[in-house]
Amino acid sequence: MSYIKILKAHGLTPLKLKEKEGLAAINGTQFITALTAEALYRAKLAAKQADVIAALSIEALLGTDHAFDPRIHQQRCHPGQQQSADVLRTLLKHDSEFRGSQVQDAYSLRCVPQVHGVSRDTLKFVHTIIETEMNSATDNPMIFADDKESVSGGNFHGEYPCRKGSRLPSHCCT
């Protein structure tokens, strides 16, 4: 059965697209960008919650804050790791007299900044890509009024938001 018969059977008429409307109808770049922005927002919330949950776990297990000494994290130079250690120090500051006195905690407790830090750094990277994408021209062809020229290109392609957004799930699972 032809599409015209199907449309007529449902009381519809075919669309008559004008210039650029065909690409707009089938291209998903803006949708990919919007969906990734929403996922990024949620991932950032989860990252904040992860540090709070880690601090609560350290408190519950009578852990120490020795592993979050800023001097340790300055030696590795990863901003996300340093930020996570700063947050943990702040969250654990209020009751250090109630925590244990062991030299070092379990691996899973003292390595929280390293694990959470790489996720923070990835979220920042994805944020940069998505923010750039949201502020970019993805039309085709591009119209350069000053030059009175129209040039066809590929800025409409969704590779940047798609590829970078695909990094989010693995960092939300750590």
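On a 1 Å grid over the protein atoms alone, a pocket is an open set of points where a 1.4 Å probe fits, with protein on both sides within 12 Å along at least five of seven lines, and its lining residues have an atom within 4 Å of a point. The model to be toured is predicted, so local features need pLDDT of at least 70 and side-chain atom pairs count only at pLDDT 80 or more, whereas totals for chains, interfaces and linings use all residues. Residues are numbered from 1 along each chain as its sequence is written, and side-chain values use heavy atoms, with hydrogens and water left out.

**The largest pocket**

Select Lys-44, Ala-47, Lys-48, Pro-79, Gly-80, Gln-83, Arg-120, Asp-121, Leu-123 and Lys-124, which line the largest pocket. Its volume, the space filled by probe spheres set on grid points joined across faces, edges and corners, is about 190 Å³. By class (Ala, Val, Leu, Ile, Met, Phe, Trp, Tyr, Cys and Pro count as nonpolar, Asp, Glu, Lys and Arg as charged, and the others, Gly among them, as polar), the lining has three nonpolar, two polar and five charged residues. Helices H3, H5 and H7 each supply at least two residues of this lining, and H7 gives the most, with four. Helices (H or I, at least four residues) and strands (E, at least two) are DSSP runs, numbered from the N terminus.

**H3 against H7**

Next, select H3 (residues 29-60) together with H7 (112-134). These two helices pack at an angle of about 155 degrees with their axes 10 Å apart, where axes are lines fitted to C-alpha atoms over the stretch in contact and angles run from 0 to 180 degrees between N-to-C directions. That makes H3 roughly antiparallel to H7, a term for angles over 145 degrees. The contact, meaning heavy atoms within 4.5 Å, includes Leu-40, Ala-47 and Asp-51 of H3 and Arg-120, Leu-123 and Ile-130 of H7. In total it has eleven nonpolar, five polar and four charged residues.

**H5 against H7**

The axes of H5 and H7 come within 7 Å and cross at roughly 125 degrees. H5 and H7 are therefore oblique to each other, oblique being the class left once angles under 35 degrees (roughly parallel), over 145 (roughly antiparallel) and 65 to 115 (roughly perpendicular) are set aside. Among the residues that meet here are Pro-79, Gln-83 and Val-87 in H5 and Val-112, His-116 and Asp-121 in H7. By class, this contact has six nonpolar, seven polar and two charged residues.

**H3 against H5**

Asp-51, Val-52, Ala-54, Ala-55, Ile-58 and Glu-59 in H3 meet Ser-84, Val-87, Leu-88, Leu-91 and Leu-92 in H5. These residues divide into eight nonpolar, one polar and two charged.

**Two backbone stops**

Most residues other than glycine have a negative phi, and most peptide bonds are trans. Select Cys-77, in the loop between helix H4 (70-74) and H5, where phi is positive at about 70 degrees although the residue is not a glycine. Finally, move to Pro-141, in the loop between H7 and strand S1 (142-144), where a cis peptide bond joins Asn-140 and Pro-141 with omega at about -5 degrees.
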